[in-house]
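Subject: Structure handover

Hello,

Here is the structure you asked for. My notes on what turned up in it follow below.

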Amino acid sequence: MVLESTLYGYRIVALIAGVFAAGSAAVGLYIGYLALRSYYRHEDPSMRYLSIGLILITSVTYSLSFVGSVLIQLRLISLPKQDVLWILTHFIQFTGLICIMYALYRRD
Amino acid sequence: MQTTAVNWSNQLTTQLSQQDAYTDDETPYATFYSDTMSDSSLSGDQLTTIADLLADEYTKPLLEEISREPMTIPELTTQLDASRTTVYRRIQTLSELDLVESQIRPEPGGTDAKAYAATLSEITITLESGSFEAEVTHTDTDAVDRLNQLWSDL
């Protein structure tokens, strides 16, 4: 199976996942940035929370899991620490969603 | 030669279709427009209407005002020293011609105000082979405005 083979010592499957994670982080950050610019242009306060929420659920979490997977690949962190990272990722995702929900409800 | 807008607009009766209004070699502008602009050809009737609008004592200053920043009808009423009906009718005609767009402006009090912004950027009028031809260049909204619109429509 090609996915299980390695390239320069890295598993192909991890590399592919990493590429998509980096892509999601970049696109998420861009959409969040558009929302932030919209907040500065139209001064709708709910837009700021939407922006923060979007950046948290996409960019921050994907970056975190991307960094985490790199660290695991390089065997720089132990398994218990990986669990902490896992919880942290989901916590940030949850916070981001709360931000978006708050943005939806605080609108006039 | 008559040069005022009203005079020549009355002569324009030829209907122009989207397709034959311009051929490729007659539109050198196309390559110069940035991608935030969009073009559309006007029919002869629409051109006549626009010419009349620009000759109108309220429409011209109105377009000038809302090309700077979006304004609500009460704001325009004060600014142009015109009646509400006058401003509303001008806005309505401009909307039908796709020269203005409405935006929702959130107000602290709770009721959102409807502000109008000019989408007109340029009108090119040419006389060739017995007919007037016109093309309107619109300023286009960008992704930031569309996101805001999407969000306010939720």
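Across the interface of chain B and chain A there are 0 salt bridges, a salt bridge being a side-chain nitrogen of Lys or Arg within 4 Å of a carboxyl oxygen of Asp or Glu. The side of chain B that touches chain A has 6 nonpolar, 2 polar and 3 charged residues. In that classification Ala, Val, Leu, Ile, Met, Phe, Trp, Tyr, Cys and Pro are nonpolar, Asp, Glu, Lys and Arg are charged, and the others, Gly among them, are polar. The rule for polar contacts finds 2 residue pairs across this interface, both at pLDDT 80 or more. A polar contact is a pair of N or O atoms within 3.5 Å; within protein, one must be able to donate a hydrogen and the other to accept it, and residues adjacent in sequence count only if both atoms are side-chain atoms.

This is a predicted model, in which local features need pLDDT of at least 70 and side-chain atom pairs count only at pLDDT 80 or more, while totals for chains, interfaces and linings use all residues. Residues are numbered from 1 along each chain as its sequence is written, chains are lettered from A and ligands numbered from 1 in the order in which they are written, and side-chain values use heavy atoms, with hydrogens and water left out.

As for the size of the interface, chain B and chain A bury about 1300 Å² between them, 61% of it on carbon and sulfur atoms. Buried area here is the accessible area (1.4 Å probe) that two parts lose on being put together, summed over both. B:V144, B:L147 and B:W151 supply 52% of what chain B buries against chain A, more than any other three residues. The contact (heavy atoms within 4.5 Å) takes 15 residues from chain A and 11 residues from chain B.

Salt bridges

Over all chains the structure holds 3 salt bridges. One of them joins B:D56 and B:R90, with the closest N and O atoms 2.9 Å apart. This pair links distant parts of the chain, 34 residues apart: B:D56 is in the loop between α2 (44–55) and α3 (59–68) of chain B, and B:R90 is in helix α5. Helices (H or I, at least four residues) and strands (E, at least two) are DSSP runs, numbered from the N terminus. B:R90 is buried at 18% relative accessible area; buried means under 20%, exposed over 50%, and partly exposed in between (1.4 Å probe, protein chains only).

B:K60 and B:E64 meet at 3.5 Å, N to O. They are 4 residues apart in helix α3 of chain B, about one helical turn. B:K60 is partly exposed at 43%, as is B:E64 at 39%.

B:E65 pairs with B:R68 at 3.4 Å, 3 residues apart in helix α3 of chain B. B:E65 counts as buried at 17%, whereas B:R68 is exposed at 62%.

Chain A

Chain A has 3 helices and 2 strands, in the order β-β-α-α-α from the N terminus. Of its 108 residues, 27% count as buried. A:T89, in helix α3 (residues 79–106), is buried at 12%. A polar atom of the A:T89 side chain lies 2.7 Å from the backbone oxygen of A:L85.

Backbone

B:D98 is not a glycine but has a positive phi of about 65°, and B:S129, also other than glycine, has phi near 50°.

Regards
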